[in-house]
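Work through these exercises with the sequence and the 3D view open. Try each task before you read its solution.

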Amino acid sequence: MDVIKNNVAGLNGLQQLRALIDAGTPPPIGITMGFTLVEIEEGRAVFQGRPDGSVYNPIGSVHGGYAATLLDSACGCAVHSRLSAEQGYTTLELKVAYHRPLSDLSGTVRAEGRVMSLGRRAAFAEATLTDENGRLCASATSTLLVFEVQRRTAPAEPA
């Protein structure tokens, strides 16, 4: 699954992400870690998940990587929503602050990402992760590299 390179229809980033939501097929990372993109608009992305024992660390709480992954996804997709059909991105830096531990009692958590600024080569985004009661559990800032991509203009041949 590569919504950037396999973009035969020439959809911009926002259209690509809306199509992903409409298809109801989350990317592999979402399946592995149990979260999904639930809202997208220009410059804003929201992911939702429900942490359980499968993402626990040895000290009996949700591993910080779970929160970091949701925050990174929210920042990245917020930026993705502002890109053209000929652009891609990758995270250069992610700074995460943990405010409250997550557990299987946290309920459904939401990571909301927003674009702070978008230039020709770099983007800056921020995100917050809240638990089911709206309490802030983690926050992040991200720097992302924006680049041109070669997209397919015809469907990929079956292997």
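Two strands count as paired if DSSP finds at least two bridges between them. The model used here is predicted.

**Exercise 1. Find which residue of E2 is the bridge partner of Leu37.**

Solution. 
1. Locate the two strands: E1 covers residues 35-41, and E2 covers residues 44-49.
2. Check the pairing. Six bridges join E1 to E2, and the strands run antiparallel.
3. Read off the partner: Leu37 bridges to Phe47 in E2.
4. Look at the turn. E1 and E2 form a hairpin with two residues between them. Gly43 in this turn has a positive phi of about 80°.

**Exercise 2. Work out why the buried residues of H1 line one face of the helix.**

Solution. 
1. List the buried residues of H1 (residues 13-23): Gly13, Leu14, Gln16, Leu17 and Leu20.
2. Look down the axis of H1. These buried residues fall within an arc of 165°, so they line one face.
3. Turn to the face away from the buried side. Asp22 and Ala23 are exposed there.
4. Find the cover. Strand E1 and helix H3 (64-80) are among what covers the buried residues of H1.
5. Inspect both ends. At the start, a side-chain oxygen of Asn12 comes within 3.1 Å of the backbone nitrogen of Leu14. After H1 comes Gly24, with a positive phi near 70°.

Key: Residues numbered from 1 in each chain as written. Heavy atoms only, no water. Buried < 20%, exposed > 50% of the residue type's maximum accessible area, 1.4 Å probe, protein only. Helix = DSSP H or I, 4+ residues; strand = E, 2+ residues; numbered from the N terminus. Arc of directions from axis to C-beta. Contact = heavy atoms within 4.5 Å. Polar contact = N/O pair within 3.5 Å; in protein donor to acceptor, adjacent residues only side chain to side chain.
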